[in-house]
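Colleague: Could you take me through this model, one question at a time, and state the cut-offs behind each term as it comes up?

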Amino acid sequence: MKTAALSLVALLMLGSPLQAQGDPVAGTWKLKGKVQSFGFSLTCRFTRSGDALGGTCFDGGTNKPHPIKSGKVTGDRVVWTYGSDFMGQKFDVTYSGTIKGAAMSGGVDAAGRKGAFSGTR
């Protein structure tokens, strides 16, 4: 009985990723890219309500959370923005990409500096 209860708790804790299987966007994504000469990696955990995209992205090196300020899904296109800072300067980072199956790629704009990203589930 105790094992069954623990299994149920584990499944409930994993509920979001399991529910995300039917959604082409919601769930965990591993992203990498480059803005000018600066390479980056992120883990983004996306949530979705209708066409609204939410969640949090975490820096690959520091695991610093970046809650998504705004996001939208339109067909296979996704756009999201979160706040960041570098050397005391705060700015927004906006991603705009296309999803194809378990892969995503597109462009990124960080304080007017352009780059590209790609990722997988």
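Colleague: Is Asp 23 buried or exposed?

Modeller: Buried here means under 20% relative accessible area, exposed over 50% and partly exposed in between, with a 1.4 Å probe and protein chains only. Because its relative accessibility is 18%, Asp 23 counts as buried.

Colleague: What are the conventions of the model itself?

Modeller: This is a predicted model, in which local features need pLDDT of at least 70 and side-chain atom pairs count only at pLDDT 80 or more, while totals for chains, interfaces and linings use all residues. Residues are numbered from 1 along each chain as its sequence is written, and side-chain values use heavy atoms, with hydrogens and water left out.

Colleague: Where does Asp 23 lie, and with which side chain does the side chain of Asp 23 make a polar contact?

Modeller: Helices (H or I, at least four residues) and strands (E, at least two) are DSSP runs numbered from the N terminus, and Asp 23 lies in the loop between α2 (15–19) and β1 (27–35). A polar contact is a pair of N or O atoms within 3.5 Å; within protein, one must be able to donate a hydrogen and the other to accept it, and residues adjacent in sequence count only if both atoms are side-chain atoms. A polar atom of the Asp 23 side chain lies 3.0 Å from the backbone nitrogen of Ala 26. The side-chain to side-chain polar contact, at 3.2 Å, is with Arg 48.

Colleague: Which residues does Asp 23 touch, not counting those up to four places away in sequence?

Modeller: Contact means heavy atoms within 4.5 Å. With residues up to four places away in sequence not counted, Asp 23 touches Arg 48 and Arg 121.

Colleague: Why does Val 73 count as buried, and which residue stands opposite Val 73 in β5?

Modeller: Val 73 has its place in strand β4 (residues 65–74), and it counts as buried because its relative accessibility is 4%. Leaving out residues up to four places away in sequence, Val 73 touches Val 25, Arg 48, Asp 51, Leu 53 and Val 78. Two strands pair if DSSP finds at least two bridges between them, and β4 is joined to the antiparallel strand β5 (residues 77–86) by 6 bridges. The residue opposite Val 73 in β5 is Val 78.

Colleague: Which residue in β6 stands opposite Val 78?

Modeller: Strand β5 is joined by 10 bridges to β6 (residues 89–100), and the two run antiparallel. In β6, the residue opposite Val 78 is Gly 97.

Colleague: How far apart in space are Val 73 and Thr 98, C-alpha to C-alpha, and with which side chain does that of Thr 98 make a polar contact?

Modeller: Thr 98 is found in strand β6, and although 25 residues separate it from Val 73 in sequence, their C-alpha atoms are 9.7 Å apart in space. The side chain of Thr 98 makes a polar contact, at 2.8 Å, with that of Arg 77.

Colleague: In what order do the 8 strands close into a barrel?

Modeller: Among the pairings, β2 and β3 are antiparallel over 8 bridges, and β3 and β4 are antiparallel over 4 bridges. Strand β1 is joined to β8 (residues 113–120) by 6 bridges, also in the antiparallel sense. The 8 strands close with antiparallel pairing in the order β1-β2-β3-β4-β5-β6-β7-β8.

Colleague: Which residues have the most contacts inside the largest nonpolar core, and which element gives the most to this core?

Modeller: A nonpolar core is a set of buried Ala, Val, Leu, Ile, Met, Phe, Trp, Tyr and Cys residues joined through side-chain atoms within 4.5 Å. The largest one has 22 residues, and those with the most contacts inside it are Leu 31, Phe 46, Trp 80, Tyr 95 and Met 104. Two or more residues come from each of β1, β2 (38–49), β3 (52–59), β4, β5, β6 and β7 (103–110). The element that gives the most, with 4 residues, is β2.

Colleague: Which residue in the hairpin of β3 and β4 takes a positive phi?

Modeller: The hairpin of β2 and β3 has 2 residues between the strands, and Gly 50 there takes a positive phi near 65 degrees. In the hairpin of β3 and β4, with 5 residues between the strands, the residue with a positive phi, near 65 degrees, is Asn 63.
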